[in-house]
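Reader: I'd like to learn how to read helix packing and a metal site in a model. Can you walk me through it?

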Amino acid sequence: MILPKNNRLSAEQVAELTAVVCEFGCRIQPIVGDVRTIYAIVGDERHDLMISRLEGLPYVDRVDTIQSPHKLMDIKSDLANHRVRVGGVTLGDELLIMAGHCTLDPKNPNRFYETAAAVKEAGAHAIRGGVWKPRTNPYAFQGDHRSLDILMEASRRTGLPVDTEVMDEEQLRMALDAGVHILQIGARNALNYSLLRQVGKAIAGRDTVVLLKRSIHSGPLNEFISAAEYIVNFGNPNVILCPRGTQPGLDGYRNHPDESITPLLKERTWAPVVVDPSHSVGKAAYVTACSLAAVAYGADGLCIEANVEPAKGLGDDPKQAVTPAALAGLIKQAKAIHALRRSTLSPVTAS
Ligand code: PEP
Ligand code: MN
């Protein structure tokens, strides 16, 4: 839909619009109002170049498109019946809990094994743990590829799938070769389209799942969903959207908690939503409230930083990891809210 700056366009201007859209196989249908005329684009209007050229014309205010820019991730896509499964949980049916360290310590594998066993005992279905870490400070601990063996050993010991972040092709290869079940794309790389393409290509034909964090800036929801489209486009639809808070943060919280976007995502896409409350609020004391709010808003799961000894952990753990005991309490309450939602509300609307 083309919205002009003036109430009506001249015949020459309409001819110019028509010539542009014709190049892309579309035509113009004027919709004449009493005061204003707007111009519908009839045909496939998802051509970025066509829209840029129309918006570049001096008499065009803006172009609104009604077709979805993400055809595979769209709620009306043929994939809408696809269900993502992690650790025996079908997302949407049962609340998925992923938990574990922010960062693995290659010098202390036992603490990770203890945490893995304890979060399993608390009710987690998958273990998270950062082998490689995106750090603001280039001199801070960046992770260590030797931690990959520790991550996989924790998976063997608990029988649970494991999640770790990959930031480049080498890490992607190593993680897949080691058998990592869930690849995390972090908030800093969430719009790194070449990485998203590499991940999509690498997981095609496998049952690997991708946990795609929302970008760190508070970008539009279509941007988030389109990032998932980059991955799914190669054939593996096992993508989970993970809101994790955006910048600038809310005074007192590490980020601006964004668990409230879940109902909006669910109106546009079939993808399951697993909220990360830990990075949203950045402090262990607030993680339970954020988790419960996330489930109340319709999240299909939670990804939580937990550590048997948060104070001795690496990365974010001293500030934001919860103990396994706190995790167990949180899971109990979160499951109660999840059950209540399933019995009383439709999955899409929370009114
Ligand atoms: C993490 O999960 O530890 C992490 C770095 O997450 P994010 O990319 O959301 O900051
Ligand atoms: Mn972290």
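This is a predicted model: local features need pLDDT of at least 70, side-chain atom pairs count only at pLDDT 80 or more; totals for chains, interfaces and linings use all residues.

Author: Let's begin with one pair of helices: H10 and H12 cross in a right-handed way. The contact is built from Val 287, Thr 288, Ser 291, Leu 292, Val 295 and Ala 296 on the H10 side, and from Leu 330, Gln 333, Ala 334, Ile 337, His 338 and Arg 341 on the H12 side. Sorted by class, that contact of H10 with H12 has seven nonpolar, four polar and one charged residues.

Reader: Which way do H10 and H12 run, roughly parallel or roughly antiparallel?

Author: The general idea is that two packed helices are described by the angle between their axes and the distance between the axes. Here, helix H10 (residues 284-296) and helix H12 (residues 324-344) have axes that come within 9 Å and cross at roughly 15°. Angles under 35 degrees count as roughly parallel, so H10 and H12 are roughly parallel to each other.

Reader: OK, and what is the angle between H1 and H2?

Author: Helix H1 (residues 11-23) packs with helix H2 (residues 48-55) at about 165°, the axes being 9 Å apart. That is over the 145 cut-off, so H1 and H2 are roughly antiparallel. Their crossing is right-handed. In the contact, Leu 17, Val 20, Val 21 and Glu 23 of H1 meet Met 50, Arg 53 and Leu 54 of H2. By class, five of the residues in the contact of H1 with H2 are nonpolar, none polar and two charged.

Reader: Now a single helix. Which residues of H6 are buried?

Author: First the general idea: an α-helix has 3.6 residues a turn, so residues three or four places apart point the same way. In helix H6 (residues 193-203), the buried residues are Leu 195, Leu 196, Val 199, Gly 200, Ala 202 and Ile 203. Their cover includes helix H5 (169-178), strand S10 (182-185), strand S11 (209-213) and helix H7 (221-232). Just after H6 comes Gly 205, with a positive phi of about 80°.

Reader: And the metal: which residues are the protein donors of the manganese ion?

Author: The manganese ion (ligand 2) has Cys 102 (SG), His 279 (NE2), Glu 305 (OE) and Asp 316 (OD) as protein donors, 2.1 to 2.5 Å from it. Their spacing in sequence is C-x176-H-x25-E-x10-D. Within that set, His 279 in helix H9 (residues 277-281) and Glu 305 in strand S14 (residues 301-305) link distant parts of the chain, 26 residues apart.

Reader: Are His 279 and Glu 305 buried or exposed?

Author: Buried means under 20% relative accessible area. His 279 has 7%, so it is buried, and Glu 305, at 1%, counts as buried too.

Terms used. Residues are numbered from 1 along each chain as its sequence is written. Chains are lettered from A and ligands numbered from 1 in the order in which they are written. Side-chain values use heavy atoms; hydrogens and water are left out. Donors are N, O and S atoms within 2.8 Å of the metal (3.2 Å for Na, K and Ca); water is not among the atoms, so sites may look incomplete. Helices (H or I, at least four residues) and strands (E, at least two) are DSSP runs, numbered from the N terminus. Buried means under 20% relative accessible area, exposed over 50%, partly exposed in between (1.4 Å probe, protein chains only). Axes are lines fitted to C-alpha atoms, for helices over the stretch in contact, and angles run from 0 to 180 degrees between N-to-C directions. Angles under 35 degrees count as roughly parallel, over 145 as roughly antiparallel, 65 to 115 as roughly perpendicular and the rest as oblique. A crossing is left-handed if the near helix is turned anticlockwise from the far one by less than a right angle, and right-handed if clockwise. Contact means heavy atoms within 4.5 Å. Ala, Val, Leu, Ile, Met, Phe, Trp, Tyr, Cys and Pro count as nonpolar, Asp, Glu, Lys and Arg as charged, and the others, Gly among them, as polar.
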